Amino acid sequence: MRRSRLFRLFPLSSLATLMFALPPAGLARADEAPVPDLARAAALHAEAAAIREAATLRFSDEEIACYARFLVNRCIDQARARRVESIRQARALDTEADAIELAEKNRRFTERMEEQAANAPQKAVERAELEAKNRADSEARLRQLSEKDAERVKREQDAKTRGMLEAEARHRHEAEQARRRADEAAAAAQRAEQARSDREDYDERARKAAEKKAEQEKKNAAGGKPAAADSLLPAK
């Protein structure tokens, strides 16, 4: 029973009618064309494969049986013709299935194209917004880098200025200290000179007083008077 079912013959006229009834790919809009039945396409491919397999098995059986007949070659030719007819029927089924699958591919392609066309303005706006955002981000980064460079240069300049001011203040302080030390040294030298001068004056007055005392004592000794008091020495 199974093999007899596989040996069914399909009229080519009905297949041709179905093929010409299919709309050309890309002519109908996706919302107007019927959705292709991919399940039917798969069933047609399976049925075509079954017909080919059955035709091959049948031809093998018939070819063996032909050798028992009187007109062997004619029997084999008739068996081969039946196999060719079955293969044609299977090819017609595959063609119909291919047409259905092609229609489905065209429908999906049309849907994608229409979707892209519908989304094109929005995509353009999004691209423009993204490009504007990228430009703004780049400008912000450049501005930030410029500001950082400016701040770094300002810090360096401020540090140099502070260093110069500190060095100047340090030099003024050192000069002031050196001037103060020089003044102190000059004052000390002046005091030492004054002390030496005072000492020399004192020594000179003491010498003169001693000479005067000695002269007085000499006179007193000559006149028989007592020695003069120490009050004749100069006071320090």
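Start by selecting arginine 152: with a relative accessibility of 37%, this residue counts as partly exposed. Here, buried means under 20% relative accessible area, exposed means over 50%, and partly exposed lies in between (1.4 Å probe, protein chains only). You are looking at a predicted model, so local features need pLDDT of at least 70 and side-chain atom pairs count only at pLDDT 80 or more, while totals for chains, interfaces and linings use all residues. Residues are numbered from 1 along each chain as its sequence is written, and side-chain values use heavy atoms, with hydrogens and water left out.

**Stop 1: charged pairs along helix H4**

The term stands for a side-chain nitrogen of Lys or Arg within 4 Å of a carboxyl oxygen of Asp or Glu. Because arginine 152 and glutamate 156 are four residues apart in helix H4, about one helical turn separates them. Glutamate 156 counts as partly exposed, at 39% relative accessibility.

Next, select aspartate 137 and lysine 133. Another salt bridge joins these two side chains (3.1 Å, N to O). Both residues lie in helix H4, four residues apart, about one turn of the helix. Aspartate 137 is partly exposed at 29% relative accessibility, and lysine 133 is partly exposed at 48%.

Now go to arginine 196 and glutamate 193. How far apart are the closest N and O atoms of this salt bridge? They are 2.1 Å apart. Arginine 196 and glutamate 193 both lie in helix H4, three residues apart, about one turn of the helix. Arginine 196 has a relative accessible area of 39%, so it is partly exposed; glutamate 193, at 41% relative accessibility, also counts as partly exposed. For a group of charged residues, select Glu104, Arg107, Arg108 and Glu111: salt bridges that share partners join them into one network. The structure holds 20 salt bridges.

**Stop 2: the whole chain**

Zoom out and switch to a cartoon view. How many helices and strands does the protein chain have? There are four helices and zero strands, giving the pattern α-α-α-α along the sequence. Helices (H or I, at least four residues) and strands (E, at least two) are DSSP runs, numbered from the N terminus.

Of the 236 residues of the chain, 15% count as buried. The chain exposes about 18200 Å², and carbon and sulfur atoms supply 56% of that area. Accessible areas come from the Shrake-Rupley method with a 1.4 Å probe; for residues, only the protein chains shown count as cover.

**Stop 3: the nonpolar cores**

Select Ala41, Leu44, Ala48, Ile51, Ala90, Leu93, Ala97 and Ile100. These eight residues make up the largest nonpolar core. Helix H3 (38-66) and helix H4 (72-223) each supply at least two residues of this core. A nonpolar core is a set of buried Ala, Val, Leu, Ile, Met, Phe, Trp, Tyr and Cys residues joined through side-chain atoms within 4.5 Å. Apart from this core lies another one, of six residues, among them Phe59, Val72, Cys75 and Ile76.

Return to isoleucine 100 and look at what surrounds it. Which residues does isoleucine 100 touch, not counting residues up to four places away in sequence? They are Pro36, Asp37, Leu38, Arg40, Ala41 and Leu44. A contact means heavy atoms within 4.5 Å.

Then pick serine 86, which lies in helix H4. Is serine 86 buried or exposed? At 6% relative accessibility, serine 86 counts as buried. Leaving out residues up to four places away in sequence, serine 86 touches Ile51, Ala55 and Arg58.

**Stop 4: the disulfide**

Select cysteine 66 and cysteine 75. They form a disulfide, with their sulfur atoms 1.8 Å apart. A disulfide is a covalent bond between the sulfur atoms of two cysteines; here the cut-off is a pair of cysteine sulfur atoms within 2.5 Å. The torsion about the S-S bond of cysteine 66 and cysteine 75 is about -65°, so this disulfide is left-handed. Both cysteines are buried. A search of the whole structure finds one disulfide.

**Last stop: glutamate 63**

Finish with glutamate 63 in helix H3, which counts as partly exposed at 26% relative accessibility.
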